[in-house]
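Here's a quick briefing to read with the model open beside you.

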Amino acid sequence: MTTDTLLEVRNLVKYFPIKGGLLQRTIGYVKAVDGVSFTVRRGETLGLVGESGCGKTTVGRTILRLIPATSGQVIFEGRDVFKLNPREMKALRKDMQIIFQDPYSSLDPRMPIGESVAEGLLVHGVKDARKRNEIVIEMLRKVGLEDYHARRYPHEFSGGQRQRIGIARALALRPKFIVCDEPVSALDVSIQSQVLNLLKDLQAEFGLTYLFIAHNLSVVEHISDRVGVMYLGKLVELTDRITLFRDPLHPYTKALLSAIPIPDPTAQKRERMILQGEVPSPVNPPRGCRFHPRCPFAVDRCKVEEPPFEELRPGHFVACWVAKEEVERSKQAAAQSAA
């Protein structure tokens with residue numbers, strides 16, 4: 001763990017038990033997250049993308065211990081989050097916050113939003129009501145709301161305003177790390193850009209670190225420094241944003257990028273890569289590479305042997321046998337031409 005690393009996830013696993021029968025015994029497991037490892041550097045935004053149901057949100061919530069992990073480690077500033085006792089975990093919550101996907105259901109409809117924003121301050125020992133109110137007003141102003149909004153209720157706000165309230169609540173404790181769980185997916189496109197720009201401005205002002213979970217690749221390209229791609233509970237590719245969008249290595253990433261709409265199709269041509277079949281069940285994932293039943297480039301090895309998630313190029317991690325062979329061939333060709 002290097003000095004600029006804020007968070008390190010090591011072989012994170014989360015299985016959800018499936019109950020059945022008269023006695024409701026465990027008859028299987030949904031393998032939502034199955035051996036995910038990555039690091040998040042201080043001050044960066046790490047985007048996490050993939051199809052619905054691939055385990056993105058589960059990763060974010062397991063990191064924060066909102067749901068218990070099956071196994072693995074999460075190291076935050078040198079401390080194993082999963083080994084902290086309740087008192088230590090409560091203290092750590094000030095540094096690790098979350099912005100939820102649905103800005104309405106995450107707010108108490110019976111509570112004025114000023115009280116919702118101040119609730120975390122009260123839990124973490126800010127007993128002075130005047131001090132709490134000052135912080136609430138400051139945070140509301142930071143996210144573009146007015147002082148009088150603190151006395152209003154969630155139903156009196158638009159979706160974009162409610163998401164700003166969620167951001168203000170996450171910022172109130174001055175955290176170091178925020179999990180942004182699809183924070184703009186429920187918003188109109190025009191509002192999305194405002195919230196994304198707000199997140200970037202707040203990151204620069206407060207030195208925040210984001211894990212940005214989304215399924216919209218255009219949004220991820222706009223806000224992320226590095227991007228990780230998940231498929232069926234596994235991380236299949238991870239590299240910096242520019243490399244991922246210009247030169248992806250994993251076939252699944254290529255398929256996702258080919259589906260991004262082009263503003264002017266007449267000026268720019270793109271070959272669509274349409275995946276066949278459905279996403280396999282996470283209860284019984286395929287043997288070998290989990291993507292091989294839908295991969296147009298799969299070879300026999302993909303069907304029986306799971307590819308390791310390894311660094312094929314500097315800073316570019318991929319789990320794919322075909323991509324590994326391509327990179328090795330290109331290195332050999334470059335070496336021969338140099339000789």
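**Cysteines, cavities and a sheet**

The sulfur of Cys-180 sits 17 Å from the closest cysteine sulfur, that of Cys-54, which is too far for a bond. Keep in mind that this is a predicted model, where local features need pLDDT of at least 70 and side-chain atom pairs count only at pLDDT 80 or more, while totals for chains, interfaces and linings use all residues. Residues are numbered from 1 along each chain as its sequence is written, and side-chain values use heavy atoms, with hydrogens and water left out.

**Cysteines**

- A disulfide is a covalent bond between the sulfur atoms of two cysteines.
- Searching the whole structure turns up zero disulfides, with a disulfide taken as a pair of cysteine sulfur atoms within 2.5 Å.
- Cys-180 is buried at 0% relative accessibility; buried means under 20% relative accessible area, exposed over 50% and partly exposed in between, using a 1.4 Å probe and protein chains only.
- For Cys-289, the closest cysteine sulfur belongs to Cys-302 at 5.9 Å, again too far for a bond.
- Cys-289 is buried as well, with a relative accessible area of 10%.

**Cavities**

- There are three cavities of 30 Å³ or more in the structure. A cavity here is a set of points on a 1 Å grid over the protein atoms alone where a 1.4 Å probe fits but cannot get out.
- The largest cavity comes in at about 60 Å³, volume being the space filled by probe spheres set on the points, with grid points joined across faces, edges and corners.
- That largest cavity is lined by 13 residues, and the closest to its centre are Cys-289, Phe-291, Cys-295, Cys-302 and Cys-320; lining residues have an atom within 4 Å of a point.
- Cys-295 is in the loop between α9 (251-258) and α10 (300-304), and Cys-295 is buried, with 15% relative accessible area. Helices (H or I, at least four residues) and strands (E, at least two) are DSSP runs, numbered from the N terminus.

**The sheet**

- Four strands form an open sheet in the order β2-β1-β4-β5, with antiparallel pairing; strands pair if DSSP finds at least two bridges between them.
- β2 (25-41) and β5 (79-80) are at the edges with a single partner strand each, so one side of each has no neighbour in the sheet.
- β1 (residues 5-20) pairs with β2 in the antiparallel sense over 13 bridges, and Tyr-15 has Lys-31 in β2 as its bridge partner.

Terms used: On a 1 Å grid over the protein atoms alone, a cavity is a set of points where a 1.4 Å probe fits but cannot get out, and a pocket is an open set with protein on both sides within 12 Å along at least five of seven lines; lining residues have an atom within 4 Å of a point.
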